[in-house]
Amino acid sequence: MTEISRRDFVALTAAGAIATPFLDAASLRSAATVTAQEIVDRIKKNIGVEWGNDDVDTFKAGDPATIVTGVVTTSMATLDVLQKAVQAGANLIITAAPTFYSRADLSTPAGRGFGASGAGRGAGPNRGGSPGAAPVPSPATMSGPGTGASAPMPPAPVLPRSVVPPAQTLAAVTLPTPPPIDPVYAGKNAFIEKHKLVVFRLTQHWNQRRPDPRAQGLAAAMGWTKYKTGEYSLGYEVPAISLEALASQLKKTLGARGGIRAIGDRTMTVRKIGLLPGFTMIQASIATLPNVDVIITGEVQEWESATYAQDVAFAGVKRGFISIGRVVNEAPGMQVCADWLKTIVPEVPVRFISAGDPYWRPL
Amino acid sequence: MATLTAGDVVNRIKAVMAVQGVAWNDATTRDRFKFGGPDTLVTGIATTFMGTFEAITRASDRGLNMIIPHEDTYWNDADNTVIAEADPLVYKTKVDFMTAHNIVVFRIHDHMHRQRPDFTFSGTAREVGLDPSTETAPNSHRFVIPETTLGELAARVKKVRGDDAIRVVGDPNAKVSRIATGAGMATPAVNMPDIDVVIGGEQREIEGTFDSPEYVMDAATLGVAKGWIILGHNMSEESGMQEMADWLRPIVPEVKVAHVRAGNVYWVPK
């Protein structure tokens, strides 16, 4: 997606002003600033999906009270994406995938240093507040303290160590006790802290929208929108193409590298395409493949859908299977998300930044 | 010639495992008959990674009617045939073939992983050009090799394996020497401080208990030497079934025992 231009930004701001013509000057000034929390509140209000109190779609880093200078959506908030966001002048990153290397998304390595693993969620070293200040309670309430994978609140002697934000340099993160500092967690936290970034994960609710934003975005990128046949943007009937050519086209268009893999007769003709975005269980694959020529999915268990597709092909049934990778699969959905956010966050620029394909293949 | 039933074979497997310290767990849902039963007469045995249609066909073509796969036969771990019947055409084709060729399938998974060495791990090591006898400690699944780059190591692995669909995460120029190997989903997390590279079978890309791909990408950005080489579940565990065939041969001298590959899973587009 394109970065929002200054002209668009002015136009959007102007449109916002026109839509609210009776506000006085003071209100207009305040309307020009927006916090991360306010943006998240607008997301919850407008997403069109009932907001559940899970511990997945929550703030993962930073102070929700931060005034937002720009929003970046991404498939995965890698450090590379965070750096690009800072270069683009953005400080709120909305990511589909976890930020801290697990579904639990704790900003410190679980079970190694920093006291109880649960402390990282609500009160990691990257949380708001200045060094030495009392921890800000609001982020913890946003992410549901004591829920999900979090351990019960740590005992008093442990808590201060994990909630007092460390000094800004990497070296100063060293604790008095000897557990080895994980340089990757530390480096990412230090970058987030230095640039006062706020990271919010938006995936479970976003992907419940209909049409499925990942399917909708992938179809738009591939030029398939006009070929839509099925519900929720999941089915397409495209001009005849070989399975191998289709896989190559997906690879080029989606910017995949080593992550895209396929099963089935390369020369078979594909017309009917079924999209199964994200992580796909065998039941969904078996319910879909007999009715289409090819399934395009994000990720499967190899002993399930991949083996099924292998057996289908070996049985001589002309059906194909393409796995494009989870992160690559989330990207089009987060492009759609950026476009949507522009409509509810007119105050600041919104853009999508790709995390790329994590995988490459050796020569 | 004496007749050998599938039940005889399974009883001998259980007995020898018990002698070797792996008591049989009758509660296992995995290590059971998946097609045919104990009374089926055995003409030969094929070990394979997965009970794929291809493996069963190739085994049958070679006169081997008892299939011993490490993984499932009906596209789900529990081998729940109701799930497979949802594609009646392919399910029926496979089952009809097994019926017509007097196939018997007995899975060996849980107990195989309890053996020492765990053949799936020694197989993985061999499969990527590492000598299992050079583990840093027995069954540690760790190796130290002369320092090389992640790119060179990955290229070497791919050359030894000869399979295209190997996936790598990390800076190809990262200097690496300390390797941890994993078999199947037992792919170790890459953030252990004394490990540079993990070579494993399969693991969730995101939302696992630890997401190695993102960690390695961030490590690359920070200049921390880390690499993740993912062979595929099949590729990581298939060669261990060669060891399993070697283990079985002396206990079933009446019939031929061979390792039959379950077939390549993925191809990759240009």
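Into which domains is chain A divided? In this predicted model, chain A is divided into domain 1, which takes in residues 6-206 + 330-352, and domain 2, which covers residues 212-324.

**Between the domains**
- The contact draws on 7 residues from domain 1 of chain A and 6 residues from domain 2 of chain A.
- On the side of domain 1 of chain A that touches domain 2 of chain A, there are 4 nonpolar residues, 2 polar and 1 charged.

**A pair of helices**
- In chain A, the axes of helix 9 (residues 213-222) and helix 13 (residues 326-344) come within 7 Å of each other and cross at roughly 95°.
- Because angles of 65 to 115 degrees count as roughly perpendicular, helix 9 of chain A is described as roughly perpendicular to helix 13 of chain A.
- Helix 9 of chain A contributes residues including A:Pro213, A:Leu218 and A:Ala221 to the contact, while those from helix 13 of chain A include A:Pro332, A:Val336 and A:Cys337.
- Sorted by class, the contact of helix 9 with helix 13 of chain A holds 6 nonpolar, 5 polar and 2 charged residues.

**Between the chains**
- In the contact between the two chains, 55 residues of chain A meet 54 residues of chain B.
- Several elements of chain A each supply at least two residues of the side that touches chain B, among them helix 4 (79-87), helix 8 (183-194), strand 6 (261-263) and helix 13.
- The largest share of this side of chain A, 10 residues, comes from helix 12 of chain A.
- The residues of the side of chain A that touches chain B comprise 31 nonpolar, 10 polar and 14 charged.

Notes. Residues are numbered from 1 along each chain as its sequence is written. Chains are lettered from A and ligands numbered from 1 in the order in which they are written. This is a predicted model: local features need pLDDT of at least 70, side-chain atom pairs count only at pLDDT 80 or more; totals for chains, interfaces and linings use all residues. Domain bounds come from an automatic or database domain assignment. Ala, Val, Leu, Ile, Met, Phe, Trp, Tyr, Cys and Pro count as nonpolar, Asp, Glu, Lys and Arg as charged, and the others, Gly among them, as polar. Axes are lines fitted to C-alpha atoms, for helices over the stretch in contact, and angles run from 0 to 180 degrees between N-to-C directions. Helices (H or I, at least four residues) and strands (E, at least two) are DSSP runs, numbered from the N terminus. Angles under 35 degrees count as roughly parallel, over 145 as roughly antiparallel, 65 to 115 as roughly perpendicular and the rest as oblique.
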